[in-house]
Amino acid sequence: MFKGRTITAYLLIAGFVLPILLLVMLTFSANWVYPNFLPERFTLSNWNEFLFKNARLKQSFLNSLIIATAVSLFATAAGFITSRWIAYHKRRNFLLILSYFPYAISPVIFAVCLKFYFLKAGIAGNLAGVVLAQLIITFPYGIIFFTSFWNRKVKNYVEVASTLGSNDVITLKKIIFPIAKQFLTTCFFQCFIISWFEYGLTTVIGYGKVETLTINIFQFIKESNTYYASLSSCLLVVPPVLLLWFNKKFIFQQTR
Amino acid sequence: MYLTLKNISKNYGTLEVLKKVSLELQENKTISILGKSGCGKSTFLKIIAGLETAASGEIILNNTNISNIKPSVRNIVYLFQEALLFPHLNVFENIAFGLRIRNVKKNIVAEKVKTLLQQLALEREALKMPDQLSGGQKQRVAFGRALIINPPLLLLDEPFSSLDVETRATMQQLYKSIAEMYNITALFVTHDLKESLIMGNQIAYMENGSLTVYNNKKEFINDMKTGVEGEIKFWNSL
Amino acid sequence: MTSRFKNIIPFSMLVILAIIPLVLGIGYAVSYSFGLTGVLNNGFTLAHWQTALSNKDVLMSFGYSILLSFVSIVLCVGAAAFLAFYIGDKLQSGRLSYFLYLPMAFPALVAAFFFFQFLSNGGFLSRFFFQLGFIKTIDDFPNLVNDKYSIGILAAQFFLTLPVFVLLNLSIIKNENIAALKTLGASLGAKRSQILFRVTLPVMLKKSFPTVVLFFIFKLGTYEIPLLLGRSSPEVISVITVRKMQRYNLLDIPQGYVIAVLYAMLVFVLLTLSLKPSKINMNV
Amino acid sequence: MKRFSVFLLTIFVVLCSCKSQKEHEITNPANKPWDSILATAKGKTVVMNMYQGFKKGNNYMNEYVIPTLQKEYGITLKIVSGQGKEIVNNVMAEKESGSAKGQIDLCWINGETFYQLMQIEGLYGPYAEKLPNAKYIDFTDPIIKYDFQTEVKGYETPWSKSSFIVITDTARVKKIPVTMQDFESYWKQNPGKFTLAQDFMGLTLLKSWLVEIAGGIKELEGPLDEAKYKKYSMQLWDFVNRNKKYFWKNGETFPASNVTISQMFGTGEVNFTFAFGNSDIDEKVEEGLYPKSAKGFILQAGSTYNTNYIGIPFNSANKEAAMVVCNFLISPEAQIKKSDLKMWGAGLVLDYSKLGANDEQKFNDLPKLIYGLPEVEIKQKSIKETEPKYMIRVDEDFRKYVIDAK
């Protein structure tokens with residue numbers, strides 16, 4: 001009985017770790033010919049290329065980083081403020097369903113429906129446009145995330161503080177922020193990851209001109225460039241894994 | 001009169017929660033308001049504290065009409081059923097909160113908090129976080145947090161209802177002594193008959209949004225709807 | 001009044017970032033599908049709706065997506081319930097619990113790419129079997145990607161979603177105090193199987209239902225995984241929408257918008273059903 | 001709530017009613033003196049849509065074209081993935097939304113894409129013949145003058161010529177199938193070892209078979225004849241459908257791109273792959289992907305021979321810079337580099353006889369193909385492209401009658 005459970009646990013874990021190991025292996029590979037399990041030789045050249053030569057991958061990494069940071073900062077802040085308004089609103093449920101909609105709908109379909117307006121506004125194919133487009137899906141996520149924060153208890157804390165003589169600004173600084181700190185960081189990182197992982201919306205609104213890591217991966221897959229695709233996959237997976245090591249909560253998001 | 005409430009009404013949609021409630025209270029006195037849950041007690045207190053606005057009526061405290069003043073300026077402290085201690089602050093800082101936001105000097109804050117901690121028998125708990133306290137201790141901290149700013153009026157919304165019988169008795173005594181020491185004027189809401197009799201200098205009864213204020217305890221006991229008589233009969237029949 | 005002014009900011013943010021894009025996006029799709037916008041469109045017509053709805057591939061795509069999402073969710077929910085009960089304690093705390101979160105560090109695109117490298121005929125598994133002598137040639141290896149039974153897609157989605165449901169179940173077991181309920185059931189004389197089917201599973205299902213529906217909706221809109229691991233036909237909704245919008249025959253584009261509108265309606269209905277008042281609970 | 005919905009409705013109506021404005025009639029930049037074009041081009045960034053499925057092609061662009069343009073003309077060239085339908089779609093979306101500053105300045109196109117871009121007036125021109133380096137190109141050559149039988153009229157710059165070949169492995173396929181009949185019997189004996197992609201490569205194969213069914217390209221010349229197309233294409237779909245059970249994965253799915261097929265050819269999963277351009281085999285053998293026994297051959301119908309071009313979208317904001325890039329890409333230097341097997345190995349688009357002695361020498365000094373077909377053989381068997389509509393119809397019907405048919 002005990003043994004069966006241990007084996008199951010380790011098998012499960014092995015299933016989760018294997019993809020990372022194999023992807024990492026591919027990044028160090030050259031001439032991976034069928035039917036050999038291992039490549040003919042291991043090489044640093046792919047990494048060498050990324051770190052010292054290929055400006056494109058580095059730029060994509062940077063783009064991904066900039067977009068994700070901007071998106072998650074704004075989505076967290078805006079989501080926090082807006083969710084408070086919605087949580088105490090009479091039509092709370094209606095507004096929430098409205099917020100769920102852009103979050104639940106397929107980003108790529110949403111993007112093809114919105115592309116026209118982005119073109120019209122002249123923000124398709126640039127960083128700002130991609131950030132805005134990603135905000136359209138992460139901002140509702142922020143709202144949904146924070147609605148559970150604005151419960152009766154928090155409302156009561158605010159009321160207590162105000163009867164003790166605290167004005168709105170002080171209450172925000174001394175009561176709400178400290179209580180919400182954990183929520184805010186978690187939301188930030190989850191929005192960061194949503195943005196970091198985004199492909200469909202980014203490729204449609206970004207025109208492929210705004211190259212992010214996911215866009216790179218897809219291009220490499222199209223070119224059948226397995227080694228580079230693995231390399232950019234690893235770049236994409238490493239930051240969330242680090243976050244995980246830092247705090248499990250940060251990466252617990254609703255994987256699509 | 002120190003506190004005068006005139007014809008306070010409130011409704012949620014078509015539901016009338018408060019029907020022209022009026023009340024007068026002298027300085028340094030506590031009035032008990034007895035009522036079953038959902039009779040409008042909490043709304044009543046929230047309106048006095050300024051956390052909710054009344055549909056009509058006036059609140060006059062110390063000769064000033066405070067009906068339209070923001071809660072943070074009214075200084076009327078509202079104590080909830082739950083202690084609602086700020087979870088990120090320790091006992092000392094919870095009590096100090098009212099002074100900290102008024103930018104009171106550090107040494108004065110320390111002194112005042114220390115005195116209160118003594119009076120509330122919380123000295124050993126000063127550095128604990130709220131989740132390390134017992135129910136009674138939490139309520140005492142909440143008291144301390146309220147008292148430190150010398151509120152002109154204290155609103156207590158069933159503050160002891162979640163405590164066990166013994167702690168409750170201790171707290172009631174503690175409140176009485178503190179109320180005397182600090183010259184507190186208070187509205188004390190409870191659904192416990194005995195508690196209402198113990199705590200109040202004056203007693204009122206609320207039902208379906210209407211308030212009956214009794215001139216003395218005798219009148220209160222004689223009123224059928226308060227259920228006092230039934231209670232007395234029960235004990236006598238034993 | 002000040003409170004009114006304070007509400008202006010959240011209100012306008014909601015309108016600008018959520019409601020306007022929603023209305024504009026769907027409005028555009030609707031008007032395009034009826035021939036009201038678009039370079040090659042000239043005026044109101046129901047023709048695109050008629051063509052799209054009479055096209056077998058469109059209807060099949062909806063059927064296929066729904067079936068695929070359903071199977072994928074059932075697999076995940078079933079396996080997650082089993083794992084949560086069987087080895088829940090091991091996954092809840094300790095070093096192993098960290099590994100449970102690993103798949104969440106994978107974007108769908110990378111998961112799809114990995115499963116292609118792993119399951120395709122030239123992939124890791126096939127090579128492994130070859131080395132072990134299970135297969136003689138590359139053709140002996142079964143079709144696991146771009147295959148008839150969508151095994152590749154299901155595998156990738158299972159990998160991505162399983163941890164979410166395991167964690168969900170673990171938290172429900174903890175919060176709903178399932179252990180106590182089980183004891184209670186037993187003290188009332190219920191047999192083990194009765195406890196499972198009358199107490200444990202109903203409680204778990206009821207509690208996880210909104211999340212399950214939400215994930216069903218997510219799966220309906222999935223794009224990258226079926227794009228890389230699916231077959232040319234039938235296609236899932238996202239893939240067929242994008243393909244219809246990128247046709248050589250430009251007159252087919254409105255059909256893509258017909259699909260988008262239908263899909264949006266489906267999502268809206270599902271959302272409204274699952275998010276009945278007070279069921280909103282994202283914090284699993 | 002009511003007020004709110006009215007507000008939204010208003011916004012929507014306003015946004016919808018903004019009809020795409022007519023682009024301004026600007027004076028054709030191509031008429032300006034070249035010096036001033038060069039001056040305007042300096043410091044600009046040019047975005048180019050390009051099919052990125054050729055690794056060597058990407059290398060040519062990244063390692064040679066981009067740095068040289070930067071150094072010699074101060075132009076930053078940015079390559080963005082995109083081809084055929086995507087390009088047409090993007091240009092159309094921009095047209096619809098009336099965006100005056102296009103996202104893309106250059107695109108690598110030909111055939112049906114060109115035809116469609118012309119259909120929606122999505123290309124800028126005419127300009128190609130005004131480029132200084134146009135002097136090296138013979139614009140009267142029918143293979144350059146007509147792109148899939150559509151006259152180019154200066155709306156595209158020819159970039160290279162290439163021909164369609166089939167690749168197989170002589171170690172695996174002893175008797176190379178050439179006719180459709182050969183293939184049919186090969187498939188029956190070797191099930192699962194053949195497939196075609198849903199991209200231009202697969203479509204070209206289908207068109208080659210259409211030509212074979214029609215009994216030669218002569219029959220399909222000129223504008224698409226509905227009756228003829230119906231007759232021959234029905235035979236084609238019948239042919240594919242009755243045999244697809246012998247295809248890879250029983251013909252239940254077809255790879256999106258020929259890149260996948262080439263990979264599978266490398267691993268031995270399939271025995272045939274396809275290429276535009278004769279140098280593909282040499283490249284991939286050298287790369288280690290194809291076995292040395294790989295061999296190219298030409299189908300019964302002949303080798304479809306076409307030119308691929310570069311176009312400038314109508315709303316490019318950097319037309320001058322785009323023209324400078326075009327001009328550079330057809331310079332003898334860039335073209336000879338491009339023909340180099342070590343670079344790309346693409347077919348020269350310049351008229352050999354117009355090259356200077358120096359360039360001629362350089363071109364002749366390039367390493368010769370080892371595995372590819374002799375150029376002469378391809379020339380002999382080359383056939384011209386059918387009209388673009390054939391491509392469009394074959395694409396549609398392949399989906400309708402084969403992929404979606406159950």
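Author: Let's begin with chains C and A: 88 residues of chain C are in contact with 88 residues of chain A (contact means heavy atoms within 4.5 Å). Before we go on, this is a predicted model, where local features need pLDDT of at least 70, side-chain atom pairs count only at pLDDT 80 or more, and totals for chains, interfaces and linings use all residues. Residues are numbered from 1 along each chain as its sequence is written, chains are lettered from A and ligands numbered from 1 in the order in which they are written, and side-chain values use heavy atoms, with hydrogens and water left out.

Reader: Thanks! How much area do chain C and chain A bury between them?
Author: About 8400 Å², with 79% of it on carbon and sulfur atoms. Buried area here is the accessible area (1.4 Å probe) that two parts lose on being put together, summed over both. In chain C, the residues that lose the most area to chain A are C:Leu17, C:Phe124 and C:Arg127, together 9% of what that side buries.

Reader: And how many salt bridges across that interface?
Author: The rule finds one between chain C and chain A, counting a side-chain nitrogen of Lys or Arg within 4 Å of a carboxyl oxygen of Asp or Glu. C:Asp89 forms it with A:Arg5, and their closest N and O atoms are 2.5 Å apart.

Reader: Which helix of chain C gives the most to the side that touches chain A?
Author: That is helix 1 (residues 2-33), with 16 residues. Helices are DSSP runs of H or I with at least four residues, strands are runs of E with at least two, and both are numbered from the N terminus. By class, this side of chain C has 66 nonpolar, 16 polar and six charged residues. For the classes, Ala, Val, Leu, Ile, Met, Phe, Trp, Tyr, Cys and Pro count as nonpolar, Asp, Glu, Lys and Arg as charged, and the others, Gly among them, as polar.

Reader: Which pair of chains has the most contacts?
Author: Chains A and C, among the four pairs of chains that touch. Chain B and chain C do not touch, their nearest C-alpha atoms being 11 Å apart. Chain B and chain D do not touch either, with 17 Å between their nearest C-alpha atoms.

Reader: Switching to chain D, what domains is it divided into?
Author: Domain 1 covers 32-161 + 306-369, and domain 2 covers 163-305 + 378-403; these bounds come from an automatic or database domain assignment. Their centres, taken over C-alpha atoms, are 27 Å apart. Domain 1 of chain D puts 21 residues into the contact and domain 2 of chain D puts in 25.

Reader: What about buried area there?
Author: The two domains of chain D bury about 2000 Å² between them, 58% of it on carbon and sulfur atoms. On the domain 1 side, D:Phe148, D:Gln149 and D:Asn306 supply 30% of the area buried against domain 2, more than any other three residues.

Reader: How many salt bridges between those domains?
Author: Two. D:Lys85 forms a salt bridge with D:Asp395, with the closest N and O atoms 3.4 Å apart.

Reader: Last one: in what order do the strands of the open sheet in chain B run?
Author: The four strands go 2-1-4-5, with antiparallel pairing (two strands pair if DSSP finds at least two bridges between them). Strand 2 (15-25) and strand 5 (64-65) are the edge strands, each pairing on one side only. Strand 4 (residues 56-61) pairs with strand 5 over two bridges, and B:Asn65 in strand 5 is the bridge partner of B:Ile60.
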